[in-house]
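Reader: I'm new to protein models, and I'd like to go through this one with you. Could you show it to me first?

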Amino acid sequence: MLNLFYLINMSINRYDKLDLDNIVLDKIKVSDDKKIINVKYKTKNEGKTVKEHLFFSTSTSSLTLVSELKNNLLRGYYLEVLINDTKFYEFILDLEETIKHLILKKSDKILPDLDKEINYNLIDEYHKTNIKFSKTYNNPIIKLNFIKNTKNNNTLIYNSSQKQISEDLLEENKDIRLIIRLDKIVLTNYSYELDLVVEQIKVLSKSSIEPERMIHDYRFEASDEDNYENENNDEKINNEN
């Protein structure tokens with residue numbers, strides 16, 4: 001599978017180990033009414049700087065599925081995932097900010113026909129985030145693209161025993177860990193969006209995310225809190241007398 005080949009041959013860093021300053025915009029292609037801007041990540045290989053596809057992994061139990069796999073006409077197949085980890089949410093926001101500034105630097109090539117003055121505020125208006133909020137959840141939700149029904153390249157799904165499983169097991173409230181590829185930026189006349197593609201999913205079992213609890217009896221030490229309760233009881237008795 002193509003995505004498995006990529007994962008074997010490319011560096012995969014946990015999201016908080018990435019240096020966002022190493023992200024660069026690569027080739028710009030025109031497809032129908034869209035512009036496709038490839039995104040790469042600079043790394044060192046045998047003393048030379050090379051540009052690779054950008055893969056990153058999430059931390060354990062930082063994400064929870066909001067629903068099963070979804071599909072629509074504009075996006076295709078995708079997952080909506082609840083972000084439980086504040087640091088990962090901040091990482092996504094920082095990633096979006098990094099892309100905004102990179103687009104601004106290359107705006108003469110990316111938006112050559114725009115008559116208006118191009119500044120950060122304009123680029124910010126063009127940006128369509130993958131983050132959304134819902135009345136159902138306190139935490140933010142992120143939309144991530146899912147690869148399905150292609151000949152050589154599908155999103156791979158595993159359980160905690162490293163066995164490949166069916167997409168039918170992608171259910172609401174399942175905790176997951178992901179390997180994500182920042183593939184490209186898709187720019188239309190009205191907006192641009194980051195194409196965040198899920199390469200691999202690990203569906204976590206409960207035992208893999210909850211530490212074993214060894215203490216089952218009451219083990220609090222006597223403290224000022226206990227003294228406070230005793231003093232309150234004495235005061236109550238005195239008042240009653």
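Author: Let's start with β5 and strand β12 (residues 175-187), which run antiparallel and are joined by four bridges. Strands here are DSSP runs (E, at least two residues; helices are H or I, at least four), numbered from the N terminus, and two strands pair if DSSP finds at least two bridges between them. Bear in mind that this is a predicted model, where local features need pLDDT of at least 70 and side-chain atom pairs count only at pLDDT 80 or more, while totals for chains, interfaces and linings use all residues. Residues are numbered from 1 along each chain as its sequence is written, and side-chain values use heavy atoms, leaving out hydrogens and water.

Reader: Okay! Which residue in β5 is the bridge partner of Arg14?

Author: Look at strand β1 (residues 12-14), which runs parallel to β5 and is joined to it by three bridges. Arg14's bridge partner in β5 is Ser57.

Reader: And Ser59, is that one buried or exposed?

Author: You'll find Ser59 in the loop between β5 (54-57) and β6 (63-65). Buried means under 20% relative accessible area, exposed over 50%, and partly exposed in between (1.4 Å probe, protein chains only). Ser59 has 10% relative accessibility, so this residue counts as buried.

Reader: Which residue's side chain does the side chain of Ser59 join in a polar contact of 3.4 Å?

Author: Contact means heavy atoms within 4.5 Å, and, leaving aside residues up to four places away in sequence, Ser59 touches Arg14, Tyr15, Asp85 and Arg177. For Ser59, the side-chain partner at 3.4 Å is Asp85.

Reader: Now the pockets. Which strand gives the largest share of the lining of the largest pocket?

Author: Strands that each supply at least two residues of that lining are β3 (34-45), β9 (131-132), β10 (141-146), β12 and β13 (192-203). The largest share, four residues, comes from β13.

Reader: How many charged residues does the lining of the largest pocket have?

Author: Asp, Glu, Lys and Arg count as charged, Ala, Val, Leu, Ile, Met, Phe, Trp, Tyr, Cys and Pro as nonpolar, and the others, Gly among them, as polar. The lining has six nonpolar and seven polar residues, and the charged ones number 10.

How values were computed: Polar contact = N/O pair within 3.5 Å; in protein donor to acceptor, adjacent residues only side chain to side chain.
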